[in-house]
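Welcome! Take a moment to look over the sequence and the model below, and then we can walk through them together.

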Amino acid sequence: MKKAIFLDRDGTIIEEVDFLSKADEAVLFPFTIEALRLLSKAGFVFFVTTNQSGVARGYFGASAIAAIHAKIQGDLNKAGLSIESFHYCPHFPDDGCRCRKPSTGMIEEAIKNFDVDLGNSWTIGDKKLDIGMGFNAATKTALVCTGYGKEHALLLERKPDIVAENLLEAAKLIVSGG
């Protein structure tokens, strides 16, 4: 079975841009590549899971999201890294869908074609919803303080396994055993 990292996108692997709609605005944090290299060497595969209500709001469409994800994948490929698949929820926050975090629909979709050991996998993000999805999927959880992380750390009723300054710090803690 594979160990997976379910990564939030905005504020976790790329810089936070409110309702990101242009691929050229998708900028990896300076530490993202090093963090993913550490995790990859430790045997993890990567999936991106992201709530994107901008689609429901009419701010951008699926083609904009595809272009953003292609840019991220291209930037990572240049460094010899890869995301297995990208998953997003295009719905409004109150639509009651199964895919919107903290529900586990995106994780369920991501692992359909992979033999993933959720108990040895991690969900990493900068929001309470990311951590909630990890709890609901029975993965380990890491809150990063980039993006909205510092604000959301104060909103958590349940403490994640790790609270880290950024993705690289979380990766170091994960590979060292926490």
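**A pocket and its charged neighbours**

The largest pocket holds about 380 Å³ of space. Here a pocket is an open set of points on a 1 Å grid over the protein atoms alone, where a 1.4 Å probe fits, with protein on both sides within 12 Å along at least five of seven lines; lining residues have an atom within 4 Å of a point. The volume is the space filled by probe spheres set on the points, which are joined across faces, edges and corners. Of its 19 lining residues, Asp10, Asn51, Ser53, Arg100 and Lys127 are the closest to the centre.

This is a predicted model, in which local features need pLDDT of at least 70 and side-chain atom pairs count only at pLDDT 80 or more, while totals for chains, interfaces and linings use all residues. Residues are numbered from 1 along each chain as its sequence is written, and side-chain values use heavy atoms, leaving out hydrogens and water.

Now for the salt bridges (a side-chain nitrogen of Lys or Arg within 4 Å of a carboxyl oxygen of Asp or Glu). The structure has nine of them. In one, aspartate 10 meets arginine 9 at 2.6 Å, N to O. Aspartate 10 is buried at 11% relative accessible area, and arginine 9 is buried at 0%; buried means under 20%, exposed over 50% and partly exposed in between, with a 1.4 Å probe and protein chains only.

Another salt bridge pairs lysine 128 with glutamate 157, their closest N and O atoms 2.7 Å apart. Lysine 128 is partly exposed at 31%, whereas glutamate 157 is exposed at 69%.
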